[in-house]
Amino acid sequence: MAKKDVDAYISAQAEPERALLKQMRQIIMEVEPSLKQVISYGIPAFKLDGDVVCGIAARKSGCSFYPFSSSVLAALQTDLVKYRQTKSALHFDTPLPKTLVRKLMTQRMVQMMVKKKRK
């Protein structure tokens, strides 16, 4: 059911955001095929072992990538200098490079593993 919700969210967007979200979804799933697709905080999100790794959303002008941890963006600041961002999101109007998405997701997944080990 959740994948259908993500399909519905993406289908409801206008172009070019719809195409951008489809491309980003494909890149995210190529980086980590075992992710579960859900809607979290009203946006398409991708979970691993119950924790959100990342999310994507359409915005008024372009799209955003959410690592669900502001420290991910801070840790990769040198890789992100050419992108517009807020404390919690990376904004784009062309798909992010797969290598960058892999870095963002890997940083987040490492955080998730460290957090689970501390429990």
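Strands E2 and E3 form a hairpin, with two residues between them. In that turn, aspartate 49 has a positive phi of about 50°. The model is a predicted one.

E2 and E3 (residues 51-59) run antiparallel and pair over four bridges.

Isoleucine 39 has proline 44 in E2 as its bridge partner. The hairpin of E1 and E2 has two residues between the strands. Tyrosine 41 takes a positive phi there, near 55°.

How is E2 placed relative to the rest of the structure? Five of its six residues are buried, so E2 is largely enclosed by the rest of the structure. The cut-off behind "buried" is under 20% relative accessible area. Tyrosine 41, by contrast, is exposed, with a relative accessible area of 75%.

Tyrosine 41 leads on to the aromatic rings. The count of aromatic pairs comes to one. Its members are tyrosine 41 and phenylalanine 68, with ring centres 6.0 Å apart and planes at 45°, so the pair is tilted. The limits matter here: planes under 30 degrees apart would count as stacked, and over 60 as edge-to-face. Where do the two residues sit? Tyrosine 41 is in the loop between E1 (36-40) and E2 (43-48). Phenylalanine 68 is in the loop between strand E4 (62-66) and helix H3 (70-75). The pair therefore ties together parts that are 27 residues apart in sequence. Phenylalanine 68 counts as partly exposed, at 25% relative accessibility.

Next, the helices. H2 covers residues 17-31, which makes 15 residues. From its first C-alpha to its last, H2 reaches 21 Å, close to the 21 Å expected at 1.5 Å a residue. Which residues of H2 are buried? Glu17, Leu20, Leu21, Met24, Arg25, Ile27, Ile28, Met29 and Val31 are.

The last stop is the surface. Val110, Met113 and Val114 form a nonpolar patch there. Together these residues have about 250 Å² of accessible area. Valine 114 belongs to helix H4 (residues 98-118). With a relative accessible area of 36%, valine 114 is partly exposed.

Definitions and conventions:
Residues numbered from 1 in each chain as written. Predicted model: local features only at pLDDT ≥ 70, side-chain atom pairs only at ≥ 80, totals over all residues. Heavy atoms only, no water. Phe/Tyr/Trp six-rings, centres within 6.5 Å; stacked < 30°, edge-to-face > 60°. Buried < 20%, exposed > 50% of the residue type's maximum accessible area, 1.4 Å probe, protein only. Expected span 1.5 Å × (residues − 1). Patch = residues over 30% accessible without salt bridge, like charges linked within 9 Å, V, L, I, M, F, W, Y side chains within 5 Å. Areas by Shrake-Rupley, 256 points an atom, 1.4 Å probe, with all protein chains shown as cover. Salt bridge = Lys/Arg side-chain N within 4 Å of Asp/Glu carboxyl O. Pairing = 2+ DSSP bridges.
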